[in-house]
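Please view the structure below before reading the points.

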Amino acid sequence: MLLQLKQISKGYGKSGAHSFRPVLKELDLELEKGQKVAIIGPSGSGKTTLLNLVGALDTPDSGEVMFNGTNITGFNSTQLAAFRNKNLGFVFQLHHLMPQLSLWENVLLPLLPQGKVTKEQKDWAEYLIKKVGISDQRNQKPSEMSGGECQRTAVVRALINKPELILADEPTGALDEGNANALSELLVHLSEEEGVTLVTVTHSAELAQKMDTKYLLRNGKLEKE
Ligand code: ADP
Ligand code: MG
């Protein structure tokens, strides 16, 4: 098992205060390596909150997050950052590319903390940008690219570290239907090819239907669809 959430609870505000807002309530989730999972649910149901916990961007109020048998719940922020960098790739609804950097520089950005980028890593980046059809745009800045091209760049950036797990939060949400479908195809195809586990929050029935498992987030818990 790659990932296990055990009895995760998370809310916002001061615990015990009248204003405290519970969002996730003793939620359980188990993911096998290579599994592709869609999480759907109405706006405000806690999908992003859940992804942030899985992605070690936030910590639960109670419960445990196990990754490859290691309990990461007790990690400090330095350990969490190292964990994220080694194991995870993120794709957000809005690409979060650096506006002052070119496509090529944006793609290599996650590798910078390690120091020098190796030839092998550059070849991998090259392979990926060709594969998703953006290699001609390599010197362009995000403002000079279309929404679909930016989102494809974000997918390549998420894969650059060869992560075990990709977390995507409404990755097609800002795209028109044609580009959304193309991006869904890419995400799923690349995940399968690389054996990467994929968790995607989505409103898109198209994208959700390409996953192995669909969960509905309701009342703070996941229900299998
Ligand atoms: P979704 O992604 O499903 O739309 P979110 O996880 O973003 O839902 O939010 C779940 C609930 O938690 C919402 O009611 C939202 O207003 C609240 N919430 C999210 N983030 C915060 C925060 N940082 N501080 C306070 N409330 C938050
Ligand atoms: Mg959200």
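The structure holds 1 cavity of 30 Å³ or more. A cavity is a set of points, on a 1 Å grid over the protein atoms alone, where a 1.4 Å probe fits but cannot get out; a volume is the space filled by probe spheres set on the points, which are joined across faces, edges and corners. The model is predicted: local features need pLDDT of at least 70 and side-chain atom pairs count only at pLDDT 80 or more, while totals for chains, interfaces and linings use all residues. Residues are numbered from 1 along each chain as its sequence is written, chains are lettered from A and ligands numbered from 1 in the order in which they are written, and side-chain values use heavy atoms, leaving out hydrogens and water.

**Cavity**

- The largest cavity contains about 50 Å³ of space.
- Its lining (residues with an atom within 4 Å of a point) consists of Leu 53, Ala 56, Asp 58, Thr 59, Pro 60, Val 65, Ile 72, Thr 73 and Leu 80.
- By class, this lining of the largest cavity has 6 nonpolar, 2 polar and 1 charged residues (Ala, Val, Leu, Ile, Met, Phe, Trp, Tyr, Cys and Pro count as nonpolar, Asp, Glu, Lys and Arg as charged, and the others, Gly among them, as polar).

**Pocket**

- The largest pocket (an open set with protein on both sides within 12 Å along at least five of seven lines) has a volume of about 400 Å³.
- Of the 16 residues lining the largest pocket, Asn 85, Leu 88, Phe 90, Pro 110 and Arg 157 lie nearest its centre.
- At least two lining residues come from each of α2 (77-87), β6 (88-91) and α5; helices (H or I, at least four residues) and strands (E, at least two) are DSSP runs numbered from the N terminus.
- The lining of the largest pocket divides into 10 nonpolar, 4 polar and 2 charged residues.

**Helices α5 and α6**

- The axes of α5 (residues 147-159) and α6 (residues 177-194) come within 10 Å and cross at roughly 15°; axes are lines fitted to C-alpha atoms, for helices over the stretch in contact, and angles run from 0 to 180 degrees between N-to-C directions.
- α5 is therefore roughly parallel to α6 (angles under 35 degrees).
- Gly 148, Gln 151, Arg 152, Val 155 and Leu 159 of α5 are in contact (heavy atoms within 4.5 Å) with Asn 179, Leu 183, Leu 186, Leu 187 and Leu 190 of α6.
- This contact of α5 with α6 comprises 6 nonpolar, 3 polar and 1 charged residues.

How values were computed. Angles under 35 degrees count as roughly parallel, over 145 as roughly antiparallel, 65 to 115 as roughly perpendicular and the rest as oblique.
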